[in-house]
Amino acid sequence: MAVKVINPGLSTTVQDLGRPGYFHLGIPIGGAMDRLALRAANLLVGNDEGAAGLEAVFVGPELEFTKDAVIAVTGAAMPIKIDGVEKPSWTALKISAGQVMSFGYLQAGARIYIAISGGIDVPLALGSRSTYPIGALGGYKGRAVAKGDALPVGGAASAREGRTIPEKLRRRPGMPAELRVLPGLYWHRVVEESQQGFFDDPWKVAPEADRMGYRFRGGRPLKFVRREPPFGAGSDPSNIVDACYPYGSIQVPGGTEPIILHRDAVSGGGYFMVGTVVSADMDLIGQLQPNTPTRFVKVDMDGALRARAERAALLDTIRGALN
């Protein structure tokens with residue numbers, strides 16, 4: 001079976017849960033920006049949670065199906081249409097051979113996830129089907145899908161139409177969005193006034209927001225503790241001797257605009273890191289539109305671990321609701 005791409009939408013790529021284990025070689029984990037949404041979509045159609053689906057940003061694709069299938073769309077709020085008839089999201093839907101799936105205008109969030117029973121069956125690259133466009137790795141020919149592509153789909157999994165995930169289990173950012181942050185290795189480089197201001201100030205998502213990272217604007221510039229620059233660090237106080245970047249780390253070049261490094265980010269460099277967004281909140285970032293009001297919330301390690309446990313419990317609840 002293949003799915004024909006009539007219109008690719010915007011930055012529509014094949015994504016699964018990524019390719020961990022290669023960050024030390026400069027190859028990022030990649031995968032779905034909103035992993036919970038992809039897992040939920042796969043659960044709805046009877047796939048393994050890590051099966052490859054489609055991630056589309058702001059504008060959904062138009063797809064023609066050559067065989068009957070069960071599909072589900074999760075993530076951002078974007079009207080789903082089958083042959084022009086609107087259908088519910090976060091729900092397993094039957095689509096017949098010859099029918100076309102399309103989308104209306106984005107209403108909330110940023111990214112949708114489309115799961116198809118059987119999963120997108122592109123070749124594995126370093127153990128993953130995820131697209132890493134900068135490296136032309138994985139996905140469909142190492143790039144975003146394009147008009148005329150025929151996306152291969154695996155053998156249909158056990159799927160039942162009509163199953164749905166309740167609204168209360170569909171995790172979305174608040175307004176303002178709140179991102180929990182664990183202060184990092186270089187926290188001591190910022191004066192106490194700026195440490196407090198980073199968490200007190202309101203921020204907004206800048207237009208520069210993609211799979212590599214999200215920039216934020218609006219808060220006060222950071223002030224740094226005076227130092228004698230170490231060899232190799234450079235004179236700017238936000239520079240450090242090159243170091244590894246944790247996934248979700250927040251660098252602040254020049255002390256002005258925080259950048260959260262996301263799924264396709266580089267693995268190291270010469271900017272200091274003020275802290276790291278907890279893993280439980282990384283999915284939320286993938287659903288933030290430019291200009292979304294955002295606040296950073298300080299947590300300690302216990303708080304970060306509680307957040308991770310709560311997210312795992314939510315996923316278990318979703319599994320239970322579908323079983």
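This is a predicted model: local features need pLDDT of at least 70, side-chain atom pairs count only at pLDDT 80 or more; totals for chains, interfaces and linings use all residues.
Me: What makes Arg172 and Glu167 a salt bridge?
Reply: The closest N and O atoms of Arg172 and Glu167 are 2.9 Å apart. A salt bridge requires a side-chain nitrogen of Lys or Arg within 4 Å of a carboxyl oxygen of Asp or Glu, and therefore the pair qualifies. By this rule the count comes to 20 salt bridges.

Me: Why are Arg172 and Glu167 called partly exposed?
Reply: Arg172 has a relative accessibility of 35%, and Glu167 has a relative accessible area of 48%. Buried means under 20% and exposed over 50%, with partly exposed in between; both residues therefore count as partly exposed.

Me: Which parts of the chain does the salt bridge between Glu257 and Arg217 tie together, and how is it known to be a salt bridge?
Reply: The N to O distance between the side chains of Glu257 and Arg217 is 3.1 Å, and the cut-off is 4 Å, so the term applies. Glu257 lies in the loop between β16 (249-251) and β17 (259-261), whereas Arg217 belongs to strand β14 (residues 213-217), so the pair ties together parts that are 40 residues apart in sequence. Glu257, with a relative accessible area of 21%, is partly exposed, and Arg217 is partly exposed at 33%.

Me: What separates Asp316 from Arg319 in helix α4?
Reply: Asp316 and Arg319 stand three residues apart in helix α4 (residues 301-322), which means that about one helical turn separates them. Their side chains meet in a salt bridge, with 2.5 Å from N to O. Asp316 is partly exposed at 46% relative accessibility, and Arg319 is partly exposed at 25%. Through salt bridges that share partners, Asp316 and Arg319 are joined with Arg39 and Glu49 into one network.

Me: How do you know whether Asp281 is buried or exposed?
Reply: The relative accessible area of Asp281 is 1%. Buried means under 20%, and therefore Asp281 is buried. Asp281 is found in the loop between β19 (273-277) and α3 (282-285).

Me: Which residues form a nonpolar patch on the surface together with Phe58?
Reply: The patch consists of Phe58 with Leu10 and Val59, and together they have about 230 Å² of accessible area. Phe58 lies in the loop between β3 (53-57) and β4 (62-65). With a relative accessible area of 30%, Phe58 is partly exposed.

Me: Why is the pair of Phe198 and Phe199 called edge-to-face?
Reply: The structure holds seven aromatic pairs. In the pair of Phe198 and Phe199, the centres are 5.2 Å apart and the planes stand at 85°. Centres must lie within 6.5 Å, and planes over 60 degrees apart count as edge-to-face; therefore this pair is edge-to-face. Phe198 and Phe199 are buried.

Me: Why is the pair of Trp203 and Phe296 called tilted?
Reply: The ring centres of Trp203 and Phe296 are 6.1 Å apart and their planes are at 55°. Planes under 30 degrees apart are stacked and those over 60 are edge-to-face, so this pair falls in the remaining class, tilted. Trp203 lies in strand β13 (residues 203-209) and Phe296 in strand β20 (residues 293-298), so the pair ties together parts that are 93 residues apart in sequence. Trp203 and Phe296 are buried. One aromatic cluster is formed by Trp187, Phe198, Phe199, Trp203, Phe216 and Phe296.

Me: What makes Pro258 a buried residue?
Reply: Pro258 has a relative accessible area of 1%, and the limit for buried is under 20%, so the term applies. Pro258 lies in the loop between β16 and β17. Leaving aside neighbours within four places in sequence, Pro258 is in contact with several residues, including Phe198, Trp203, Phe216 and Phe296. The C-alpha atoms of Pro258 and Pro221 are separated by 9.5 Å, although these residues are 37 residues apart along the chain.

Key
Residues are numbered from 1 along each chain as its sequence is written. Side-chain values use heavy atoms; hydrogens and water are left out. Buried means under 20% relative accessible area, exposed over 50%, partly exposed in between (1.4 Å probe, protein chains only). Helices (H or I, at least four residues) and strands (E, at least two) are DSSP runs, numbered from the N terminus. Patches are made of residues with over 30% relative accessible area and no salt bridge: like charges are joined within 9 Å, nonpolar side chains (Val, Leu, Ile, Met, Phe, Trp, Tyr) within 5 Å. Accessible areas come from the Shrake-Rupley method with a 1.4 Å probe; for residues, only the protein chains shown count as cover. Rings of Phe, Tyr and Trp (its six-membered ring) pair if their centres lie within 6.5 Å; planes under 30 degrees apart count as stacked, over 60 as edge-to-face and the rest as tilted. Contact means heavy atoms within 4.5 Å.
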